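I opened my notebook to look up a few side chains and strands. What follows is what I wrote down.

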Amino acid sequence: MSQQPTSRRSLLAAALATPVAAVAVPLATAAPAAAAPVDGCQTVVDWTAVTPAAGITPDAAAPLQARVIRLAGTEFLQFRGTVTCNLTADATLGTLPPTIVPPKLTRGVVPRNNSQGINAIRVEANTAGAVKIYGPQASNPVTWIQLDSFSSVLR
């Protein structure tokens, strides 16, 4: 006895019809499920200005800011903004507001001016609230840093 091949269309139709047949109520008229607890992205500390260090100039259209969010129970430190500078050695970028105190050293990588094929720089926020950058050199100075991609686990 030969078996008839099953088309994808008939399998999809059967899969969509199964829930209706199982509950005997059309899905469009079924009562909505009870509201699930909020477990999405929650703002713990809203965007707050980071105090820039000497020689660091935040862009007026994209000021240097930080916030803390909670996503699925994990807290993240996030930065946004663009700064101009002329750094030739590791330096302090700024100081976090007192409402944001990392419980441990947290780090990430963000874009910087592309020079000699180097286009990223390491950013760290420590438990004292200092935001530091690592990587500038006299032979390869950093002239701008864009922080919008920084997101690092706090707890």
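These entries cover salt bridges, an aromatic pair, one arginine and some strands.

**Ground rules.** I am reading a predicted model, where local features need pLDDT of at least 70, side-chain atom pairs count only at pLDDT 80 or more, and totals for chains, interfaces and linings use all residues. Residues are numbered from 1 along each chain as its sequence is written, and side-chain values use heavy atoms, with hydrogens and water left out.

**Entry 1: salt bridges.** I looked for salt bridges (a side-chain nitrogen of Lys or Arg within 4 Å of a carboxyl oxygen of Asp or Glu). The structure holds four. One of them joins E75 to R155 at 3.5 Å, N to O. E75 lies in strand β5 and R155 in the segment after β12, so this pair ties together parts 80 residues apart in sequence.

I then checked burial (buried is under 20% relative accessible area, exposed over 50%, partly exposed in between; 1.4 Å probe, protein chains only). E75 is buried at 11%, whereas R155 is exposed at 53%.

Next I turned to E124. E124 has a salt bridge with R107, with the closest N and O atoms 2.9 Å apart. E124 sits in strand β9 and R107 in strand β8 (residues 106–115), 17 residues apart. E124 also meets R122 in a salt bridge (3.0 Å, N to O). E124 is buried at 7%; R107 is partly exposed at 46%, and R122 is partly exposed at 36%.

**Entry 2: aromatic rings.** How many aromatic pairs does a search of the whole structure find? It finds one. F79 and F150 form this pair, which is tilted, at 4.6 Å centre to centre and 45° between the planes. My cut-offs were these: rings of Phe, Tyr and Trp (its six-membered ring) pair if their centres lie within 6.5 Å, and planes under 30 degrees apart count as stacked, over 60 as edge-to-face, the rest as tilted. Both F79 and F150 are buried.

**Entry 3: R67.** I found R67 in strand β4 (residues 65–71). R67 is buried yet has no salt bridge; D46, the nearest side chain of opposite charge, is 5.1 Å away. For charge, Lys and Arg count as positive and Asp and Glu as negative; His and the chain ends are not counted.

**Entry 4: strand β10.** I traced the pairing of β10 (two strands pair if DSSP finds at least two bridges between them). Strand β7 (residues 91–95) pairs with β10 (residues 130–134) in the antiparallel sense over four bridges. G94 has V131 as its bridge partner in β10.
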